[in-house]
Amino acid sequence: MLYNIARRILFSMNPETAHHVIMANLDWAVQLGLTNLVTHMPDDDPIEVMGLRFPNTIGLAAGMDKDGERVSAFGGLGFGHVEIGTITPLAQPGNPKPRLFRLIPAGGVINRMGFNNEGVDKVLQNLRSADAFRLRGGILGINIGKNAVTPIENALSDYEKCLDKVYDAADYIAINISSPNTKNLRQLQGAGELEHLVSGIVAKREELKAARNGKHVPIAVKLAPDLENDDILRCVDTLIEKGIDGVICTNTTINRKGVEGLLHAEETGGLSGAPLRERSTAVVRLVAEHVKGEIPIIASGGVMTGSDAVEKMEAGAKLVQLFTGFIYNGPKLVADSVEAIAAWRKKQNS
């Protein structure tokens with residue numbers, strides 16, 4: 001009820017303005033316990049994925065805390081892991097505004113933000129915000145990408161730069177090659193391009209491990225839902241062959257099935273939220289049936305309820321991330337999802 005009132009106020013604002021209002025006030029709202037009026041901290045439901053112990057199965061997807069300024073505050077809402085970013089070597093403003101649109105009747109959001117962020121060096125300074133979260137066992141993911149001005153053929157250099165800088169700060173690193181909002185980025189999912197990129201990233205990690213007494217930081221790669229199924233499986237086979245630790249299924253979609261005719265539906269950018277749920281879950285299931293546990297799947301896309309979160313686990317995910325559902329349904333969705341999956345896991349093990 002209280003979040004419904006808050007949402008009415010927030011949804012009366014421009015979406016990007018509403019986001020800034022939330023981010024500006026989240027720390028003190030969590031610290032003073034005001035968020036306890038709309039949610040509660042779920043009990044731990046630990047799971048090991050990519051060699052890491054996650055306190056629960058639910059995480060915040062990249063894109064919400066782009067600059068790593070509010071990690072412990074999000075942790076205070078019950079997230080077991082928080083993935084910040086996408087960050088790039090150099091600061092960049094992103095695409096021109098307006099670039100964020102709600103499709104309220106469909107429970108969707110279209111964004112064409114374009115990796116707006118403060119750049120890797122400033123983000124690393126911001127990550128003091130993660131100290132309390134990590135101290136109590138929360139997992140920090142750092143999602144990295146390439147600068148818009150970097151030619152696509154030089155993309156590996158940007159990923160190597162970010163990997164080098166964030167290696168000591170991250171519990172895991174996510175590689176974003178699937179956003180539709182950076183020109184040509186999705187080309188990196190092509191057969192030759194992916195093999196070249198992933199080989200270079202894994203080689204860079206080996207170099208960093210050697211320089212850091214063998215410290216292994218897991219790497220996950222985020223894929224688009226708009227690839228043909230055969231191409232998704234080709235990508236996953238390449239990730240396994242090259243030694244990548246996890247796959248994130250999926251990024252936003254450029255498909256507009258189910259939202260035709262709605263206000264803002266024709267805006268360019270990636271669509272997230274409820275309209276993405278079915279395809280995202282289908283990709284999770286496709287990959288899970290193909291890999292048979294050889295690489296863990298992090299599911300992201302269209303989780304609006306606790307039941308949606310369980311659906312992702314039933315399809316074969318090990319972890320589930322929230323983004324648009326959190327915007328529409330508020331912090332309560334975190335506890336609802338953690339608890340729904342915990343009950344499902346308990347039943348599976350009984």
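Which residues of helix 10 are buried? They are G306, D308, A309, V310, K312, M313 and A315. Buried here means under 20% relative accessible area; exposed means over 50%, and partly exposed is in between, with a 1.4 Å probe and protein chains only.

A word on the source. This is a predicted model, where local features need pLDDT of at least 70, side-chain atom pairs count only at pLDDT 80 or more, and totals for chains, interfaces and linings use all residues. Residues are numbered from 1 along each chain as its sequence is written, and side-chain values use heavy atoms, with hydrogens and water left out.

Back to helix 10. Helix 10 covers residues 306-315, and seven of the ten are buried, so the rest of the structure largely encloses it. Helices (H or I, at least four residues) and strands (E, at least two) are DSSP runs, numbered from the N terminus. What do the buried residues of helix 10 pack against? Strand 3 (58-60), helix 9 (277-291), strand 12 (297-300), strand 13 (319-322) and helix 12 (332-349). Contact means heavy atoms within 4.5 Å. After helix 10 comes G316, with a positive phi near 125°.

Now the barrel. Eight strands close it, in the order 3-4-7-8-9-10-12-13, with parallel pairing. From one strand to the next, the twist averages 25°. Two strands pair if DSSP finds at least two bridges between them. Strand 7 (residues 139-144) and strand 8 (residues 172-176) run parallel, joined by four bridges. There, N143 has A174 of strand 8 as its bridge partner. Strand 8 also pairs with strand 9 in the parallel sense, again over four bridges. N176 has its bridge partner, K222, in strand 9.

Is strand 9 mostly covered or uncovered? Covered: five of its five residues are buried. I219, V221 and L223 point one way, while A220 and K222 point the other. In general, side chains in a regular strand alternate between the two faces of the sheet.

Helix 6 (residues 155-166) lies across strand 4 (81-87), strand 7, strand 8 and strand 9 (219-223), at about 155° to strand 7. Axes are lines fitted to C-alpha atoms, for helices over the stretch in contact, and angles run from 0 to 180 degrees between N-to-C directions.

Three strands form it in the order 5-6-11, with antiparallel pairing. Its edge strands are strand 5 (100-103) and strand 11 (270-273), each pairing on one side only. Strand 5 meets strand 6 (residues 108-111) through four bridges. L103 stands opposite G108.

Next, charges. How many salt bridges does the structure hold? It holds 20. A salt bridge puts a side-chain nitrogen of Lys or Arg within 4 Å of a carboxyl oxygen of Asp or Glu. K165 forms one with D121, the closest N and O atoms being 2.8 Å apart. That pair links distant parts of the chain: K165 sits in helix 6 and D121 in helix 4 (residues 120-126), 44 residues apart. K165 is partly exposed at 41% relative accessible area. D121 is partly exposed as well, at 42%.

E195 pairs with K242 in another salt bridge, with the closest N and O atoms 3.6 Å apart. E195 lies in helix 7 (residues 191-211) and K242 in helix 8 (residues 229-242), so the pair ties together parts 47 residues apart in sequence.

D231 and R234 also form a salt bridge, 3.4 Å from N to O. Both lie in helix 8, three residues apart, about one turn of the helix.
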